[in-house]
Amino acid sequence: MTDPIVTRFAPSPTGFLHIGGARTALFNWLYARKRGGKMLLRIEDTDRERSTREAIDAILDGLKWLELDWDGDVIYQFSRAARHREVAEQLLAAGKAYHCYATPEELASMREKARAEGRTRLYDGMWRDRDPKNAPAGIKPTIRLRSPLTGETVIEDQVQGRVVWQNENLDDLVLLRGDGTPTYMLAVVVDDHDMAVTHIIRGDDHLINAARQKQIYDALDWQVPSMSHIPLIHGPDGSKLSKRHGALGVDAYRALGYLPAALRNYLVRLGWSHGDQEIFSTEEMIEAFDLPGVGRSAARFDFAKLENLNGHYIRHADDAGLVKMFEGVLDYVPRGAELKSKLNAATRAQLLAAMPSLKERAKTLIELIDAAYFIFADRPIEIEPKALAVLTPDNRALIGRLRDALAEVLPWSGATTEAAMRSFAEANNLKLGAVAQPLRAALTGRTTSPGIFDVLAVLGRQECLDRLTDQAT
């Protein structure tokens, strides 16, 4: 019987959950879910100066918003420091590690000399075989791994293929600092082993770490997990992803009005392909995802593509669900507090009634909120400059006559108001558009809106007549 699949997402809490981290979490989640395994969450908070509670909360909130659940409790790396030290001492006792008493000045000199000679091995092994009895006074030693000096360190990577390093180019890496704190390299190996992680899926900026970590695994006679190093995300121009390209936190995408399902779908296709399929339900993603489908070249972030995909998800979303999402984004938008204060049973019902028309044009929830503003506007409504240009004296007179015609409509609905407007246009020898555009400006304050008959139905008879009265002459 094979061991259960265990993946892990292990972010450092030094900032928000960025888009690359979110994709890494998604890939780990999909791989585990497809195989009935587990995805664990480990917060690598060993950098005490830069790790913050706010960043941890932002990571947890981002994962929850993306609906990427993890198994078991969150594991905090710093809390396991005693276990990391225990393993370093174990390696020391077995002769697979040694105390290094090199001073900061000696280390700086070694690095300078190695770089001048073009060597990647920066530490010259000066304490590798020396007797600690000869150690200088007052120096707190580090513990270094006794790395192999010859041969190769090899990783059979599921994405990158076979990756080989010459051991002569790799340092005896520090496992435990002079103050007794474990290094990242040691902590990661011990935690992954103790958490029974079978598959490590992470960004290819960690590929060099794989060589160093493999040497620690080998020294401990522990099984090395399967490794997959996925390419980083670049901007549309192929350069390193920056904020102008979309290197934002997941919280920023939420504030920009993207749906979690749309962002998940977009992220899964960044660097992974499954034939020509672009749109995946969560179930389809889980079923289809596999590591051989991940390419080796960097994926390019494309905001326009994300926006179009988000528009697709909005159009196909459940209307009641969109009303809830609408409410969830109000904290992030201008005038959001104003709209929040006006949300009640009546305006929610209007919003729900308007949603089929509203969602046809919107590519983000922000656009959806903007298009729905007419529902919440106070009388007399604010008229935008373009709409004001439509409301000429002649058109204001037309609105007055149209108001009188609409006042006769009972019962009030999209169909009955449409019939009344068509009759009015015909009686006045006008095209329907010549009536609809001034009406739209008077009712919404804008030149674009959901379909005018939807606007009439959503606002209701009395509100429409009152708004028309405000703008008529």
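How exposed is E67, in relative accessible area? E67 is partly exposed, at 47% (buried means under 20% relative accessible area, exposed over 50%, partly exposed in between, with a 1.4 Å probe and protein chains only). This is a predicted model, in which local features need pLDDT of at least 70, side-chain atom pairs count only at pLDDT 80 or more, and totals for chains, interfaces and linings use all residues. Residues are numbered from 1 along each chain as its sequence is written, and side-chain values use heavy atoms, without hydrogens and water. Helices (H or I, at least four residues) and strands (E, at least two) are DSSP runs, numbered from the N terminus.

- An open sheet is formed by 3 strands in the order β1-β2-β3, and the pairing is parallel (two strands pair if DSSP finds at least two bridges between them).
- β1 (6-9) and β3 (75-76) are the edge strands; each has a single partner strand, so one side of each lacks a neighbour in the sheet.
- β2 (residues 38-43) pairs with β3 over 2 bridges, in the parallel sense.
- R42 has I75 in β3 as its bridge partner.
- Helix α2 (residues 53-65) lies across β1, β2 and β3 and runs at about 160° to β2. Axes are lines fitted to C-alpha atoms, for helices over the stretch in contact, and angles run from 0 to 180 degrees between N-to-C directions.

**Salt bridges**

- The structure holds 38 salt bridges (a side-chain nitrogen of Lys or Arg within 4 Å of a carboxyl oxygen of Asp or Glu).
- In helix α2, R53 and D57 sit 4 residues apart, about one turn of the helix. They form a salt bridge, with the closest N and O atoms 3.1 Å apart. R53 is partly exposed at 43%; D57 is partly exposed at 33%.
- K359 bridges to D319, with the closest N and O atoms 2.7 Å apart. K359 is in the loop between α13 (345-358) and α14 (365-371), while D319 is in helix α11 (residues 319-329), so the pair ties together parts 40 residues apart in sequence. K359 is buried, at 9% relative accessible area.
- E338 forms a salt bridge with R335, the closest N and O atoms being 3.4 Å apart. Both are partly exposed, E338 at 25% and R335 at 41%.
- Salt bridges with shared partners join R8, R42, E44, R80, R83, E86, D191, D192 and D194 into one network.

**Packing of α17 and α19**

- Helix α17 (residues 393-406) packs on helix α19 (residues 432-444) at about 90°, with axes 10 Å apart.
- That makes α17 roughly perpendicular to α19 (65 to 115 degrees; under 35 is roughly parallel, over 145 roughly antiparallel, the rest oblique).
- N395, L398, I399 and L402 of α17 meet A434, V435, P438, L439 and A442 of α19 (contact means heavy atoms within 4.5 Å).
- The contact residues divide into 8 nonpolar, 1 polar and no charged. Ala, Val, Leu, Ile, Met, Phe, Trp, Tyr, Cys and Pro count as nonpolar, Asp, Glu, Lys and Arg as charged, and the others, Gly among them, as polar.

**Backbone exceptions**

- Most residues other than glycine have a negative phi, and most peptide bonds are trans.
- E67 has a positive phi of about 65°. E67 is in the loop between α2 and β3.
- A196 has phi near 60° and lies in the loop between α5 (184-194) and β9 (199-203). A196 is partly exposed, at 46%.
- The R379 to P380 peptide bond is cis, with omega near -10°. P380 is in the loop between α15 (373-376) and α16 (385-390).
- The L410 to P411 peptide bond is cis, with omega near -10°. P411 is in the loop between α17 and α18 (414-427).
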